[in-house]
Amino acid sequence: MGGLKPHPVTFILSLLVVLYSVLVSQSLGLAFGAILMEVKQATTLASVTTLVFLIAGGYYVQQIPPFIVWFKYLSYSYYCYKLLLGVQYDEDDVYECSKGVLCKVVDFPPIKSMGLHHMWIDVSIMALMLVGYRLVAYIALHRVR
């Protein structure tokens, strides 16, 4: 219904990217819970952090204010969104931007702001986040006696 690629490989890769994002966000939640050791505080901090990550990630807001534009690089949702775009579109894909006129997907402003290149770097950064957050949780729990 959304006009996405109907290929099984694209579907499987999209599922893997979403699962990867869930694992990274779960790791962040584990780290918050282990550091704070109080449910209300951890839930509040996780909710606020996730909201800021979603806003700064570029999916909901493309024109991020300059003073927080750097924050998107800390956001797991930024890398997840970028990977999902990379799974769905190629650099040479086109779409009908007006009647009878084809435009390149990479020139579409939201996609142009994210880019469709260096996907393995994004996968690696998310892997560092996954391991880093879990390591923080482990160290925080190890300090509790």
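I began with residues 3–89, where the chain is 69% helix and 0% strand. I took helices (H or I, at least four residues) and strands (E, at least two) as DSSP runs, numbered from the N terminus. UniProt, in an unreviewed entry, lists these residues as "domain: ABC-2 type transporter transmembrane". I noted that such annotations may be inferred rather than shown by experiment.

I am working from a predicted model, where local features need pLDDT of at least 70, side-chain atom pairs count only at pLDDT 80 or more, and totals for chains, interfaces and linings use all residues. Residues are numbered from 1 along each chain as its sequence is written, and side-chain values use heavy atoms, with hydrogens and water left out.

**Pockets**

Rolling a probe the size of a water molecule over the atoms shows where empty space is left. I used a 1 Å grid over the protein atoms alone; a pocket is an open set of points where a 1.4 Å probe fits, with protein on both sides within 12 Å along at least five of seven lines. Lining residues have an atom within 4 Å of a point. A volume is the space filled by probe spheres set on the points, which are joined across faces, edges and corners.

I looked up the largest pocket and found about 330 Å³ of space. It has 16 lining residues, and Tyr-59, Cys-80, Tyr-81, Leu-84 and Leu-85 are the closest to its centre. Helix α3 (76–88) gives the most to this lining, with seven residues. I sorted the lining into ten nonpolar, six polar and no charged residues. Here Ala, Val, Leu, Ile, Met, Phe, Trp, Tyr, Cys and Pro count as nonpolar, Asp, Glu, Lys and Arg as charged, and the others, Gly among them, as polar.

Next came the second largest pocket, with about 240 Å³. Helix α1 gives the most here, with four residues. Its lining includes Tyr-20, Gly-86 and Trp-120. By class I found nine nonpolar, one polar and no charged.

**Asp-122**

Is Asp-122 buried or exposed? It is buried, because its relative accessibility is 2% (buried means under 20%, exposed over 50%, partly exposed in between, with a 1.4 Å probe and protein chains only). Asp-122 lies in helix α5. Leaving out residues up to four places away in sequence, Asp-122 touches Tyr-79, Lys-82, Leu-83 and His-117 (contact means heavy atoms within 4.5 Å).

**Hairpin**

Strands β1 (residues 94–98) and β2 (residues 101–104) run antiparallel, joined by four bridges. Two strands pair if DSSP finds at least two bridges between them. Ser-98 has Val-101 as its bridge partner in β2. Two residues separate the strands of this hairpin, and Gly-100 in the turn has a positive phi of about 80 degrees.
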